[in-house]
Amino acid sequence: MKKMLTKKRVSLRLNRAAKPATSKSAKGDARLLDAQKFLLPTYKRPDILFTHGRGCYVYDSTGKKYLDFLGGIAVNALGHAHPRIIKTIRREAGRGIHLSNLFHNSFQGPLARKLAEWSGLDRVFFSNSGTEAIDGALKLARLCGHAPGENLNAAPRKQRFLALWNSFHGRTFGALSVTSTEKYRLPFSPVVPGVEFVRFNDVADLESKFDDTVCAILLETIQGEGGIHPVSEAFWNRARALATQHGALLIADEIQCGLGRTGRYFAYQKFSSKPDVVVVAKPLAAGIPLGAILASEAVACRISPGLHGTTFGGGPLACSTALAALQTIEDEKLLANIRVRGEELRTGLAKLAAKFPFIREIRGEGLMIGVELSIEGGPLVTEALHRGLLINCTHDFTLRFLPPFIITRAHLRDFLRLLETVFDTVLKSTPAPAVSAASR
């Protein structure tokens, strides 16, 4: 009898947690009031307080359920509260959260081996975030700009960076300096000097700006914040050839598109050649902050103790969780699921494009999809949130979908149904939508 009552209580709790409660509001919640009063105003957030997640769903403080097709901006690759991740975190939190990089821990070496196997590169440095990893990669490039045996205290001849228009690499000064989007970069000028931007996928412009003073070209294999734009094979191949010719590094920023997001371990693996350095972060430790720089042996041998470091990067809790996350991707054959679900997602979006003329283009690979619109995407994101769907919009006119790797066909059906309702609702309520300059 006691067991039956316990099961009944658990069932009631789960039902209450999953039941939408749109009539309630978190607006007067003291936790939100504290946030509004004491946090720096760096984000424009709705009056919603998320409390927990389960699988492909998150729940707010009123109990309302949301289908998560944003994934914490590509972080929650295994969804929320994955049993294997929970087990690992609980175990390692009781053993050692931080041990300092002055000593080895049990997980850095095995995780570095796994990343080397996945990437085809040789050495790894662990950081706390993607933007910190970008800064470290830029330092590596400047270091390699010195001739072997040259005095490192003298400025090297090779010190220029090439980056791409429409790029986004992070918020620290180094990463911001190679981010072309002016709304992020210009308010903090002057930034790190020596950066020039190349027109996206423009081989002729690349060739005109590449010379022996360049120490590295940095690119996102698929631009994320910029609107889900993949680098073309012709551009990648020419960048690789020019970097080799001029003794520069090819640095691939795979913070958003790497570690399985496209249905490959890394997005650059669709090309025949490898970069010299790869930067990863977002999904690496399933939500625990962790980034990494992956480098070839030729690059790695140029650094020595004291030239770079971090206090928190690569701690035992983060690395053990990352190992569990990568092993889960392998064991659950999630790359295959990403490829299948990605094709189904594109097919469903193509059907919506036939119905809604404001859909201009569908871009991306695997479970990294952008839908470019001829109307502003903000109202669509707001309406989707109201209906229990998490998506976002980049550059005002591109909806971005980054669902967890574990999504099923049923999740996709729900997503497409909700998205169609959102499109219908906004279209009917916006008789004269704002039109993008590109569609005029």
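## Close-up views of a predicted model

**View 1. Strands S14 and S17 pair.** Strand S14 (residues 368-373) and strand S17 (residues 398-401) are antiparallel partners joined over four bridges. Strands pair here if DSSP finds at least two bridges between them. Helices (H or I, at least four residues) and strands (E, at least two) are DSSP runs, numbered from the N terminus. Ile369 has Phe401 in S17 as its bridge partner. This is a predicted model, in which local features need pLDDT of at least 70, side-chain atom pairs count only at pLDDT 80 or more, and totals for chains, interfaces and linings use all residues. Residues are numbered from 1 along each chain as its sequence is written, and side-chain values use heavy atoms, with hydrogens and water left out.

View 2. Contact means heavy atoms within 4.5 Å. Axes are lines fitted to C-alpha atoms, for helices over the stretch in contact, and angles run from 0 to 180 degrees between N-to-C directions.

**View 3. An open sheet with mixed pairing.** Four strands stand in the order S1-S2-S3-S15. Strand S1 (50-54) and strand S15 (389-390) are at the edges, each with a single partner strand, so one side of each has no neighbour in the sheet. Strand S3 (residues 65-68) and S15 run parallel, joined by two bridges. Leu67 stands opposite Leu389 in S15.

**View 4. Helices H5 and H12 cross.** The axes of H5 (residues 108-119) and H12 (residues 316-331) come within 9 Å and cross at roughly 35°. H5 contributes Gln108, Pro110, Leu111, Lys114, Leu115 and Trp118 to the contact. H12 contributes Cys319, Ala322, Leu323, Leu326, Gln327, Ile329 and Glu330. By class, the contact has nine nonpolar, two polar and two charged residues. Ala, Val, Leu, Ile, Met, Phe, Trp, Tyr, Cys and Pro count as nonpolar, Asp, Glu, Lys and Arg as charged, and the others, Gly among them, as polar.

**View 5. Two backbone details in loops.** Most residues other than glycine have a negative phi, and most peptide bonds are trans. Asn166 is not a glycine, yet has a positive phi of about 75°. Asn166 lies in the loop between strand S5 (160-164) and helix H7 (173-177). The peptide bond from Ser189 to Pro190 is cis, with omega near 0°. Pro190 belongs to the loop between helix H8 (182-185) and strand S6 (195-198).
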